[in-house]
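Reader: I have a model open and want to learn to read it. Take me through the terms, then the case on screen.

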Amino acid sequence: MELKITKATTLKNKPDESKLGFGKFFTDHMLEVSYTREKGWYNAEIKPFGNLSIHPASTVLHYGSEIFEGLKAYRRKDGKVQLFRPIENARRLNTSAERLGLPQIDENECVELIKKLVEIDIDWVPHEEGTSLYIRPFMFGNDETLGVHSIHAAKLVVILSPVGAYYAEGLNPVKICIETADVRAVRGGTGYAKCGGNYAASVRAGEKAEKKGYSQVLWLDGVERKYIEEVGAMNVMFKINGEVVTPMLSGSILPGITRKSSLELMRDWGMKVTERQISIDELITAVKSGTLEEAWGTGTAAVVSPIGYLFIDGVEYKINDNKIGPVTQKLYDNLTSIQWGKIKDEKGWTVEV
Ligand SMILES: *Cc1c(COP(=O)(O)O)cnc(C)c1O
């Protein structure tokens, strides 16, 4: 694919690196690629960041044909910039696209386009400890008709946002509320796809939890409301009696890259790690008997997020004295050291821009 580059004539002022937050600031450029059944992917263009123009009948606005990815560019101490396992994001984008009836894209080409965009906005990769440049690729169906048909036109867009240290005040455990009414996904549905629709359906439960003073929702399976699936928009792991357990990828769970990397690291360290069904009853029994040693979420934004409290059926349970546990801490330290290039990348996970 040929890439056209149009540079912005005026550049924005960079925001204060200590006040970045998440997804509030955007860089000078964006990538836009078009697709039609007839032409395939065409018109790859890096251009000044700006609004998209889409037809009011565009598929995405009516039928929710949208998928996205999230990865980061990290600035190393030597000033160079690197990505963490970007090919995994490109692969997952295709998995999501397949589920939503959106077109496939060449995975290597997708990574190359992302690298090129980051290279052009490289000065936007922040320098302060814990900061990074968040990369948000997204794809949507863009047919200009209200008929419900298979998708013939689509766009892939990539935008970049400098983001702050997730844990400005250290790795503090979060309070989680178990959601027993709404479900996020069901087997056979779109749970394993990273699509906007899954998020749209989860907003209500998140709001309810927040009103009660909890920062995230623990999702249960959609059929029996019995098995644990994810926590907020993160995968979830528990250490019970010396063994790390995490819900297996059954179709309703998002296959997180942080999840995959964490499992690989813990197996390298000789830990017992099992992917299986975990019922809420098993978890509560473990909390009550004191065998639940640690609980944490995993995801690109926070890396790991320790869970300090679990709320279910009117009862609040405290985990590991509301402190970050040793495995959670070790995962955080190792993953962030690889991502920011503080230790040698023995796994070959990082890609220099
Ligand atoms: C993106 C996402 C995750 C985490 O995936 P990572 O690849 O580790 O960032 C987990 N759950 C949901 C629902 C997600 O959308």
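Author: Start with exposure. A residue is buried under 20% relative accessible area, exposed over 50%, and partly exposed in between (1.4 Å probe, protein chains only). By that rule Lys347 is partly exposed, because its relative accessible area is 27%. Some ground rules: this is a predicted model, where local features need pLDDT of at least 70, side-chain atom pairs count only at pLDDT 80 or more, and totals for chains, interfaces and linings use all residues. Residues are numbered from 1 along each chain as its sequence is written, and side-chain values use heavy atoms, with hydrogens and water left out.

Reader: What does Lys347 meet in a salt bridge?

Author: First the general idea. Side chains of opposite charge can pair when their charged atoms come close. The criterion is a side-chain nitrogen of Lys or Arg within 4 Å of a carboxyl oxygen of Asp or Glu. Here Lys347 meets Asp268, at 2.5 Å from N to O. Lys347 sits in the loop between α8 (326-339) and β18 (350-352), and Asp268 in helix α6, so the pair ties together parts 79 residues apart in sequence. Helices (H or I, at least four residues) and strands (E, at least two) are DSSP runs, numbered from the N terminus.

Reader: How many salt bridges does the rule give?

Author: The count comes to 28. One of them joins Glu45 and Lys4, with the closest N and O atoms 3.7 Å apart. Glu45 is in strand β3 (residues 40-48) and Lys4 in strand β1 (residues 3-5), 41 residues apart. Glu45 is partly exposed at 21% relative accessibility. Lys4 is exposed at 52%.

Reader: Which side chain meets Arg276 in a salt bridge?

Author: Glu282, at 2.8 Å from N to O. Arg276 is partly exposed at 25% relative accessibility. Glu282 is partly exposed too, at 28%. Salt bridges can also share partners: Arg85, Glu88, Arg91, Glu107, Lys260, Glu264, Asp268 and Lys347 are joined into one network that way.

Reader: Now strands. Which strands does β13 pair with, and in what sense?

Author: Two strands pair if DSSP finds at least two bridges between them. Strand β12 (residues 234-240) runs antiparallel to β13, with three bridges joining them. Phe238 stands opposite Val245 of β13. The two strands form a hairpin with two residues between them, and Asn241 in the turn has a positive phi of about 50°. β13 also pairs with strand β14 (residues 273-275), in the parallel sense, over three bridges. There Thr274 is the bridge partner of Val245.

Reader: Which way do the β13 side chains point, and are they buried or exposed?

Author: β13 covers residues 243-246. Glu243 and Val245 point one way, Val244 and Thr246 the other, and all are buried.

Reader: What unit do β13, α6 and β14 make?

Author: A right-handed β-α-β unit, with helix α6 spanning residues 257-268. Right-handed means that, with the strands pointing away from the viewer, the path from the first strand over the helix to the second runs clockwise.

Reader: Last, the ligand. How many residues surround the ligand?

Author: A residue is near a molecule if one of its heavy atoms lies within 4 Å of it. The ligand has 14 around it, the closest being Lys194, Tyr199, Glu230, Thr258 and Thr300.

Reader: Which polar side-chain atoms lie by its oxygens?

Author: A polar contact is a pair of N or O atoms within 3.5 Å. A polar side-chain atom of Lys194 lies 2.7 Å from a ligand oxygen. For Thr258 the distance is 2.6 Å. Arg92 places a side-chain N or O atom 2.8 Å from a ligand oxygen. Taken alone the ligand exposes 380 Å², and the protein buries 96% of that. Those areas come from the Shrake-Rupley method with a 1.4 Å probe.

Note on methods:
A polar contact is a pair of N or O atoms within 3.5 Å; within protein, one must be able to donate a hydrogen and the other to accept it, and residues adjacent in sequence count only if both atoms are side-chain atoms.
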